[in-house]
Amino acid sequence: MTKYKDPALKPGDRIKVRFGHRYVTGVVTRVRGGQVHVELDIDGTDEPVSGLYDEKQLAAV
């Protein structure tokens, strides 16, 4: 029997999000309600960029 998996995002999940005219990968750092805090890996930056998105804007990698 297959166990049901919860599709909701949780801290540590890798995601893809639209940033400007491209998609970038990031890591979920916090989830509160339908809002998700992420750290994005953007080319050309020394440190990750923090962002806040609605869960429906994100795609799991």
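**Core, strands and salt bridges in a predicted model**

Student: This is a predicted model. Which side chains meet in the salt bridge of Asp-13?
Tutor: Side chains of opposite charge can pair when their charged atoms come close. Here N and O are 3.5 Å apart. The cut-off is 4 Å. The partner of Asp-13 is Lys-10.

Student: Is Lys-10 buried, partly exposed or exposed?
Tutor: Buried requires under 20% relative accessible area, and exposed requires over 50%. Lys-10 has 48% relative accessibility, so Lys-10 counts as partly exposed.

Student: How many salt bridges does the structure hold, and which residue pairs with Asp-41?
Tutor: The structure holds 2 salt bridges. In the one formed by Asp-41, the closest N and O atoms are 3.8 Å apart. The partner is Arg-14.

Student: How many residues apart in sequence are the parts that Asp-41 and Arg-14 tie together?
Tutor: Asp-41 sits in the loop between β3 and β4. Arg-14 sits in strand β1. The pair therefore ties together parts separated in sequence by 27 residues.

Student: Which element gives the most to the largest nonpolar core?
Tutor: That core has 11 residues, among them Val-36, Val-38 and Leu-40. The elements giving two or more residues are β1, β2 and β3. With 3 residues, the top contributor is β3.

Student: Which residues form the covered face of β3?
Tutor: In a regular strand the side chains alternate between the two faces of the sheet. In β3, Gln-35, His-37 and Glu-39 make up the uncovered face. The covered face is Val-36, Val-38 and Leu-40.

Student: Which residue of β3 is the bridge partner of Val-27?
Tutor: β2 and β3 run antiparallel and are joined by 6 bridges. Their hairpin has 2 residues between the strands, and Gly-33 takes a positive phi near 65 degrees. The partner of Val-27 is Glu-39.

Student: Which residue of β4 stands opposite His-37?
Tutor: β3 pairs with β4, residues 49–54, in the antiparallel sense. The pairing covers 6 bridges. Opposite His-37 stands Leu-52.

How values were computed
Residues are numbered from 1 along each chain as its sequence is written. This is a predicted model: local features need pLDDT of at least 70, side-chain atom pairs count only at pLDDT 80 or more; totals for chains, interfaces and linings use all residues. Side-chain values use heavy atoms; hydrogens and water are left out. A nonpolar core is a set of buried Ala, Val, Leu, Ile, Met, Phe, Trp, Tyr and Cys residues joined through side-chain atoms within 4.5 Å. Buried means under 20% relative accessible area, exposed over 50%, partly exposed in between (1.4 Å probe, protein chains only). Helices (H or I, at least four residues) and strands (E, at least two) are DSSP runs, numbered from the N terminus. Two strands pair if DSSP finds at least two bridges between them.
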